[in-house]
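Here is a short briefing on one protein chain. Look over the structure first, then read the points below.

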Amino acid sequence: MPSPIAPRFPVPALDQLPDDIRQRILAVQEKSGFVPNVFLTLAYRPDEFRAFFAYHDALMEKDGGLTKAEREMIVVATSAANQCHYCVIAHGAILRIRAKNPQIADQIAVNYRKADITARQRAMLDFAMKVSRAAETVSAQDIDELSRHGFSDDEIWDITAIAAFFALSNRLANVTAMRPNDEFYLMGRLPK
């Protein structure tokens with residue numbers, strides 16, 4: 001039966017999920033105090049859930065290279081361009097927390113070119129947007145521009161992979177009509 005979480009597809013009950021998926025969801029709930037709707041929505045397809053979150057974690061949780069806040073900047077900027085309500089709100093919350101800046105996510109979602117970010121971060125987002133919206137036009141000059149801003153080959157790969165991965169995520173969220181949890185709207189907006 002369709003759910004208000006993602007009204008176009010069924011959302012399985014937690015007790016009906018495979019043990020590994022249920023345990024992952026319960027761990028997220030324990031850490032954050034709620035279950036982000038993306039976990040429940042993607043649990044509809046357990047094998048894809050596992051693959052999605054394995055790649056997500058490989059891109060977004062690793063140490064070194066881009067900061068975790070910069071990774072979230074890519075998600076927010078490209079998700080806004082792809083009109084993904086869920087990812088802008090959810091990853092905007094994570095960005096505010098990781099950047100320790102209550103305005104940054106809104107600035108980037110509306111127009112990253114006018115956000116309070118560095119020239120290096122602006123170049124990163126210019127490239128991420130190109131990957132997300134017109135990857136067929138990426139050229140050696142685009143890579144050279146990132147190199148001039150000090151990005152390593154591994155960091156350029158990460159920018160590319162994050163933009164590409166979240167293009168997939170944005171499309172899944174849009175087609176399922178996935179709704180952001182209410183909790184995300186206030187996260188990181190006021191000092192604790």
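N101 sits in the loop that joins α5 (85-99) to α6 (104-111). In this predicted model, the side chain of N101 has a polar atom 2.8 Å from the backbone nitrogen of Q103. A polar atom of the N101 side chain also lies 3.2 Å from the backbone nitrogen of I104.

**Annotated region**
- The UniProt record, an unreviewed entry, places the feature "domain: Carboxymuconolactone decarboxylase-like" at residues 46-98.
- Helix makes up 81% of the chain over residues 46-98, and strand makes up 0%.
- The end C-alpha atoms of residues 46-98 are 29 Å apart.

**Two domains**
- The chain is divided into domain 1, residues 14-61, and domain 2, residues 68-186.
- Between the C-alpha centres of domain 1 and domain 2 the distance is 22 Å.
- Contact between the domains involves 13 residues of domain 1 and 21 residues of domain 2.

**Buried area**
- Together, domain 1 and domain 2 bury about 1400 Å² between them.
- Carbon and sulfur atoms account for 69% of that buried area.
- On the domain 1 side, F34, L59 and M60 lose the most area to domain 2.
- Those three residues, F34, L59 and M60, together make up 42% of what the domain 1 side buries.

**Polar and charged links**
- Two salt bridges are found across the interface of domain 1 and domain 2.
- E61 forms a salt bridge with R98. The closest N and O atoms of E61 and R98 are 3.5 Å apart.
- Seven residue pairs are in polar contact across the interface of domain 1 and domain 2.

**The domain 1 face**
- Which helices each supply at least two residues of the side of domain 1 that touches domain 2? They are α2 (37-42) and α3 (46-60).
- α3 gives the most to this side of domain 1, with five residues.
- By residue class, the side of domain 1 that touches domain 2 has nine nonpolar residues, three polar and one charged.

Notes: Residues are numbered from 1 along each chain as its sequence is written. This is a predicted model: local features need pLDDT of at least 70, side-chain atom pairs count only at pLDDT 80 or more; totals for chains, interfaces and linings use all residues. Side-chain values use heavy atoms; hydrogens and water are left out. UniProt positions are given in the numbering used here, feature names are shortened, and annotations may be inferred rather than shown by experiment. Helices (H or I, at least four residues) and strands (E, at least two) are DSSP runs, numbered from the N terminus. Domain bounds come from an automatic or database domain assignment. Contact means heavy atoms within 4.5 Å. Buried area is the accessible area (1.4 Å probe) that two parts lose on being put together, summed over both. A salt bridge is a side-chain nitrogen of Lys or Arg within 4 Å of a carboxyl oxygen of Asp or Glu. A polar contact is a pair of N or O atoms within 3.5 Å; within protein, one must be able to donate a hydrogen and the other to accept it, and residues adjacent in sequence count only if both atoms are side-chain atoms. Ala, Val, Leu, Ile, Met, Phe, Trp, Tyr, Cys and Pro count as nonpolar, Asp, Glu, Lys and Arg as charged, and the others, Gly among them, as polar.
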